[in-house]
Amino acid sequence: MLEGNPLPQSAGYAIVVGLGAVFAFGMIAVTAMLRRYQKEIITAEEFATAGRSVNTSLIAAAVVSSWTWAATLLQSTTQAYKNGVSGGFWYASGACVQIILFATLAIKAKQIAPGAHTYLEIVRARYGKTAHLVYTYFAFATNILVTAMLLAGGSATVNFLTGMHPVAAIFLLPLGTVVYTLFGGIKATFLTDYAHTVVIVIIIFVFAFSVYAASPLLGSPSAVYDKLTELAKTHPIEGNHKGSYLTFNSKSGGMFFLINISGNFPTVFMDQGYWNKAIAASPAASLPGYVLGGLAWFAIPCLISTSMGLACRCLEDSPSFMYYPNGLSATQVAEGLVLPTAAYTLLGKGGAVASLLLVFMAVTSAMSAELIAGYINPRASGKKLILVSHASCIIFGLIMIGFSIGLHYGGVSMGFLYELMGIIIASAVIPASLTMFWSRQNWAAAVISPVLGSLVGIISWLASAKSMFGSASYDNLFEDDPMLIGNLVSLLSPLIFVPVLTICFKHEPFDWEILKEIKRVDETEEIMQSEGEVYDEKNDKENLNPITSVATVGKQLAQSNKDKLLEEETAHLAKSAKIGGYLCIFMALAFLIVWPMPMYGSKYIFSKKFFTGWVTVLIIWLFFTCFMVCIYPLWEGRHGIYTTCRGLYWDLTGQTYKLREWQNSHPEQLHVVQSQISAAVHEGREENEDKIRHIDDELK
């Protein structure tokens, strides 16, 4: 039995503070290079939407990273530990479908409101200020619950592995994330998401091959299978068919499946972090980015839980086990400590470091999406928007630190928060989605139904705990039945409230063209000021040519290509919406019904060959994930990487004039030019010409 912590406190501070600083300074350096070599100017529009030009692979990588929370790793592993081989699948399938379904919502938003920055803008344009405030509450509550889970799970794991005080971890985990988000905006979250995801995938490969190939304690699917078969006789799982760890027929697992589906709909559909990524995607990248991202993400929780959750169960009676001869306590399981316990038992201090690094990456990558998810008023000036965005990141970070410390001292675990979130926020999912798809949903239905749904969900949760267990205590509220009832009532009750309120308060069908009046932020002043600062220092008027190209290219596009490009984009989005609808129906049926339900209903217990094949397929699936989020982004971004590296080489070798010559001769490849072209497509011809004349006059 291990006495003390696997790692010294210094290791915790080194990773939490040191790696945070590395990412922060790295993002500052990358932002500077992108500005110099590719003319990426962090305007308010760029900060919030990355120029609306992010490609498929980076969208997929960002989706995988943002959806890989601490809970993805810790809670999925806990479910496999508690319910057997089905636990990881219930987590993965119950949370994967939402990402794929969200693709249709993302495309619809681009169709009906191409200039929007947030779905809250769409709500305000359709229903007015009161509705805007209601949905702002749900968006803010979503961000708070998600971030609280990240910090709760992350701080508990850091404390468990290193002895670092949980409050210190709560303070320090967000620090580096806040810094690099402030400097790079949503582009920072995309780039750091990529780096985080690469590390996460590599560590999961290490864990999986350790359990199923290399470890002397287990080392093969056959050894794991034999041990799980033995455990079904000595320590059967209550509610599983024959107590088996190798069946999908699990009462607790099935209930978690429904809780998981209910809770994860709002954490995608109501989380502005996902809307930011959808808006930042180019029109061609929205559908494939989210669908491929969802499919790539599936292997992460499914494989790590099948590896580490089952391994922890198998090793509890081994002298090498961290707490031998005792198993993990219920409190430790609820805090998500199955993963680090199994990692240390299998790989010693190396496993402890890997699990600490894994959780740190998951916490910081997901939290960066929450920090950039603040709502901004698009009618303000660009400077004001940047100021408000920066202030929002800092204030939200401080609020979450205080809130998470309160939860820590209140004894609220990550597992409790994970199952609670749907009760609080799921009621807004249906009316928010209908805001995009149903022209007849009126103000009353949109505003009242989520509020009523949340209230009846909370009441059902409390009342069921009181009725079933005699009191609404923390432990009773954490039971499967009350959590399931509260989540389902909150999510589904708007199916009753919305049509009733729509019928009672009749309203004319909404004119979707009104949403097209939402405009992008005018970046002219910021671009002019930024370029002025760069070039006035050198007093070199020739270097103004690249920005003259913004005006020239934008003018030519507005005069000759605007209608054609807009028609092409509209046709592409319409086609994507149709394909996405069918694809989402197919994926939902596959992941939620066709795949798991026959195994659940038949009470099938895995054979050794079937279990070996199951593990093999998941490992192959993770190779697909590796390609999608590690290799494919490098291929799609090869031209930008080459441009940046070449410019850096020219600077280091004193050939700066070559950089100027290239920028003057290839203005169409500069990011700031492409951003202005994108703006020109969605604006009126006369407005474009006025803006272009203004830029030309300023430059002259």
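The model is a predicted one, and the chain in it has 29 helices and 0 strands. When contacts between residues at least 6 apart in sequence are considered, 85% of them join residues that are at least 24 apart.

**Helix 6 and helix 7**

- Two packed helices are described by the angle between their axes and the distance between the axes.
- For helix 6, which covers residues 119-127, and helix 7, which covers residues 129-162, the axes come within 7 Å of each other and cross at roughly 155°.
- Because angles over 145 degrees count as roughly antiparallel, helix 6 and helix 7 are described as roughly antiparallel to each other.
- The crossing in which helix 6 passes helix 7 is right-handed.
- On the side of helix 6, the residues that meet the partner are Y119, L120, V123, R124 and Y127, while helix 7 contributes K129, A131, H132, Y135, T136 and A139.

**Helix 3**

- Helix 3, made up of the 12 residues 56-67, reaches 16 Å from its first C-alpha to its last, which is close to the 16 Å expected at 1.5 Å a residue.
- This helix is mostly covered, in that 12 of the 12 residues of helix 3 are buried.
- The buried residues of helix 3 include the serines S57, S65 and S66 as well as L58, I59, V63, V64 and W67.

**Q9 in helix 1**

- Q9 has its place in helix 1, which spans residues 9-38, and with a relative accessibility of 41% Q9 counts as partly exposed.
- Although Q9 and V158 are separated by 149 residues in sequence, their C-alpha atoms are 9.0 Å apart in space.
- Once neighbours within four places in sequence are set aside, the residues in contact with Q9 are T162, G163 and M164.

- S252 belongs to helix 10, residues 251-269, and its relative accessibility of 16% falls under the 20% limit, so S252 counts as buried.
- Apart from residues up to four places away in sequence, S252 touches N83 and D480.
- S449 lies within helix 18, which runs over residues 443-469, and at 0% relative accessibility S449 counts as buried.
- With neighbours within four places in sequence left aside, S449 is in contact with P431, A444, P494, F497, V498 and L501.
- S490 is found in helix 20, residues 480-492, and S490 is likewise buried, with a relative accessible area of 0%.
- The C-alpha atoms of S490 and A426 are 5.7 Å apart in space, whereas in sequence the two residues are 64 residues apart.
- A426 is also one of the residues that S490 touches when those up to four places away in sequence are not counted, and the others are G422, I423, S427, G453, S454 and G457.

Notes:
Residues are numbered from 1 along each chain as its sequence is written. This is a predicted model: local features need pLDDT of at least 70, side-chain atom pairs count only at pLDDT 80 or more; totals for chains, interfaces and linings use all residues. Side-chain values use heavy atoms; hydrogens and water are left out. Axes are lines fitted to C-alpha atoms, for helices over the stretch in contact, and angles run from 0 to 180 degrees between N-to-C directions. Helices (H or I, at least four residues) and strands (E, at least two) are DSSP runs, numbered from the N terminus. Angles under 35 degrees count as roughly parallel, over 145 as roughly antiparallel, 65 to 115 as roughly perpendicular and the rest as oblique. A crossing is left-handed if the near helix is turned anticlockwise from the far one by less than a right angle, and right-handed if clockwise. Contact means heavy atoms within 4.5 Å. Buried means under 20% relative accessible area, exposed over 50%, partly exposed in between (1.4 Å probe, protein chains only). The expected span of a helix is 1.5 Å times one less than its number of residues.
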